[in-house]
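The following note sets out a number of points on the structure for a student reader. Please keep the sequence and the 3D view at hand while reading.

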Amino acid sequence: MNSAYIIRKIFRAFLTIWIVTSFVFLILRLSGDPTVSVLGLEASPEAVEAFHAKWGLDDPIHVQYLRFFANVFQGDMGVSILEGRSALTAVLSRLPATVSLMVISTILTFSVGIFFGVMASLYHNTHKDQIIMTVAASGFSIPTFVLGVVLVLIFSVNLGWLPSTGSATWKHYIMPVLTMTIVDAAVFARFTRSAMLEVLYQPYMKTALAKGMSWGQAVRRHAIPNAAIPVVTIMGFWIGALIAGAVIAESIFAWPGVGRLLVYSVKHRDYNVVQVIVMLISVSMVITNLIIDIIYGKLDPRVSIDRGAE
Amino acid sequence: MKKFIVLLLFIVSVGFVYANGQHEVSSKKELTVAVTENPISLDPTATLSNVSMRVMKNIHETLIGIAEDGTIVPRLAESWKQIDDRTIEFTLKKGIVSQGGFPLDADDVMVSFGPGRTQNSDDPGYEFFRQCMVDPFDSIEKIDDYTVRFTKSKVDPILLKRFTFDETSIICGDSYNTKTSWEDWSVHPVGFGPYKVDEYKPDEYMSIEKFDDYYGEKAPVDKVTYVVVPDMSPRIMGLLSGDYDIITEIMPDQFSTIENRKGYKVAGGPVNNIRQIIFDESNPVLKDSRIRLALSYAIDRELINNTIFKGLSEIPRGIQMENFGEMYIAEYNPVGFNPELSKKLLKEAGYNGEEISYRYMMDYYTGEVATAEILQQMWSDVGLNVKIELKENWSQIYLDEAAEGRGMINWSCTAKLPDPLTQMAQDYGPGGWFQNHEMWFTDEYNGLYEELSGTDTAKRRTAFAKMLDLVEDQDPPGTYLYFLPKFFGINEKVNWSPVKSHFMDFRAGHLEIAE
């Protein structure tokens, strides 16, 4: 891994974060103002003026923009207009709830999706394959919000087994995790199956068998690593979908995470909180894609990082 | 593969069985309410909205209260004496302690109304206090440890009644003076009400606990939790699964979902708030009062009530309430549904199908979207070309920066007191929102407002009748639609009935939970 490549990657990462943050900065300010949320509809013009002056909203937008980035570079992400405390603290206090949901969903999505995708390919054109793919097709055909509501209807309203909303106990995790997992696992199963079918009939698989490897060994040592490349690509995109899924799941299940905070803050134009969340999301996307680039190199020596820098 | 599936099923089954077996047993009486939103502050001078009015009186106590029949009742004040039309004196009850453990005295009143909180333009509670009192106080004097005298700068016909507003709640002065910051105080205020603030997380939940040393009849439950569930479907499902005892903001098309299930009911109806459409007179098409009148005559209000609210709301006689008492103009005939007259007015005005924008939001008001769509069709039937525009937030509708192209907007007018001065007169009057934002202005209305602000009841009544004529029949700044209805889903183990205001009253005598 040469230094030029790393510098280029880091530069691109900062460029991505800057573009995303700037875009959100402008869109938010051009499409709304927190004044009415805080002062109410009947606030006098003097009160509105004082509020704007207090939060620097009366400055031209380019001045606000430069001030925002100057503060960010000094580690100051601003204060939540609605909560009156540090925007970073407000977001970080919600982060554990979202991260715990995402981590469990990610583990389940990968393990279930990839496992059933591999199984379907190994039992290609059999009843097992057809059953797995039928279930998978049903899974990714259901919109997340419909799935969530259906789960609540069954397990909370009719059976009374699980709480419908909240995050206080482990029972509260079951339905949000299932909602976030079922659709995504189905997608991964479909992709994994296709990727596996691409490689299972390649000449190198026949060579491996001719060299005396068992079918299982050939699958583990040659098929799965080669099939993993397109699946890993999908994982990079999937992180974005995971965040969107968290927003939906958190809304359905009144889950007190970053997704709901984002919706609330956008609605009330709590600018600094939205900016922190957007930066957080773009940083995690950038880091994820960097990790995926590294995994590529490991999976396929032809795509080496050193060569990528040439 | 079989092993994997069996293992997965086993884990899920064990989880469900274990989950089903876990029941938290508590001897405490707790109430959980699912709401669309919680107030951004719990200090009554720091916010004023339908959402804040929902909770404030459970936490805070005013000097005096107002019964549903309009009579004034003592709260923290044991007696009061109106010295003249500008001056009033309150004597406090003795032996009352705050939620912070400090005894109530005149200093608490002085802090509540004092500089640093409500009196100076840079005080955090100044803006909402100004809206509540309209004209400032000349002086607030501590006469003795239990007596305080207020003198307003102008004559005020409803001076006494203004002390029933949430914004005039008395806070604990000792706690306020030792607060760490306004931000912390505004979400953990210390007052004298039957419940004290327990926890507050703005977009998640807030909880209030029974205040055991409350001077009056103690709160009927140990804890009330207001959980934020913005979407209606999760609120309904949470109610039906037993997670919530009461849910707010239910639309009539969902009534059967709740009522068809044993043990649940729907309650509610119109509150003391009138939904209106407001016309922006700076819009070139709406400058002509005949077009504004045509818009008003084209509306079949009864049909909207019957269609959207199953007839459960009511149509007011203009922007006034029956509980205004002697100020209620019962004989007043407001603009009604008259499509022929509407077409005639449009013809006279030379209207040629120019587009008029109508901005609204996603059901901030009950049935807002459905109402907008029906109105558009009614206007279209008389030849009006109204473009409905769904907006994401208030600022895209109400702020001056959004004025360009604005035609009509939604509004609602709460009668915070049974007097027109606190409803239409204030909104349209000098210093009100519409004049401040240059959407409507007439000298005649402002002159009538001055008369309404006097103390001669006969003159006030005459002025109010003229104001109604002016804003309904002559130069309308807007038009009324219906009393805003509010509906709640309730678990039948909870014996609670909504009142005709935004306040959800969980005080003694208004709430019971079956064992």
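1. A definition is needed at the outset: a residue is called buried under 20% relative accessible area, exposed over 50%, and partly exposed in between (1.4 Å probe, protein chains only). By this scale Ser139(B) is partly exposed, because its relative accessible area is 24%.

2. This is a predicted model, in which local features need pLDDT of at least 70 and side-chain atom pairs count only at pLDDT 80 or more, while totals for chains, interfaces and linings use all residues. Residues are numbered from 1 along each chain as its sequence is written, chains are lettered from A and ligands numbered from 1 in the order in which they are written, and side-chain values use heavy atoms, with hydrogens and water left out.

3. Ser139(B) belongs to strand S6 (residues 137-144) of chain B. Helices (H or I, at least four residues) and strands (E, at least two) are DSSP runs, numbered from the N terminus. Leaving aside neighbours within four places in sequence, Ser139(B) is in contact (heavy atoms within 4.5 Å) with Arg149(B), Phe150(B) and Thr151(B). The C-alpha atoms of Ser139(B) and Lys152(B) are separated by 7.0 Å, although these residues are 13 residues apart along the chain.

4. What joins S6(B) to strand S7 (residues 147-152) of chain B? The two strands run antiparallel and are joined by 6 bridges; two strands count as paired if DSSP finds at least two bridges between them. Within this pair, Phe137(B) stands opposite Lys152(B) of S7(B).

5. S6(B) and S7(B) are part of an open sheet of 4 strands in chain B, with the order S4-S5-S7-S6 and antiparallel pairing. Strand S4 (77-82) and S6 of chain B are the edge strands, each pairing on one side only. From one strand to the next, the twist averages 15°.

6. Strands of a sheet pair through backbone hydrogen bonds, either parallel or antiparallel. Chain B also has an open sheet of 10 strands, with mixed pairing, in the order S8-S9-S10-S1-S11-S16-S12-S15-S13-S14. Its edge strands, strand S8 (195-201) and strand S14 (386-391) of chain B, each pair on one side only.

7. A hairpin leads from S8(B) to S9(B) through 3 residues. These two strands run antiparallel and are joined by 6 bridges; Tyr200(B) has Met206(B) of S9(B) as its bridge partner. Strand S9 (residues 205-210) of chain B is in turn joined by 5 bridges to strand S10 (residues 223-228) of chain B, again running antiparallel. There, Ile208(B) is partnered by Val224(B) of S10(B).

8. In chain A, helix H5 (residues 87-122) and helix H12 (residues 271-299) pack at an angle of about 55°, with their axes 8 Å apart. H5(A) is therefore oblique to H12(A). Axes are lines fitted to C-alpha atoms, for helices over the stretch in contact, and angles run from 0 to 180 degrees between N-to-C directions; under 35 degrees counts as roughly parallel, over 145 as roughly antiparallel, 65 to 115 as roughly perpendicular and the rest as oblique.

9. Which residues make this contact? H5(A) contributes Ala87(A), Leu88(A), Val91(A) and Leu95(A), and H12(A) contributes Asn272(A), Val273(A), Val276(A), Ile277(A) and Leu280(A).
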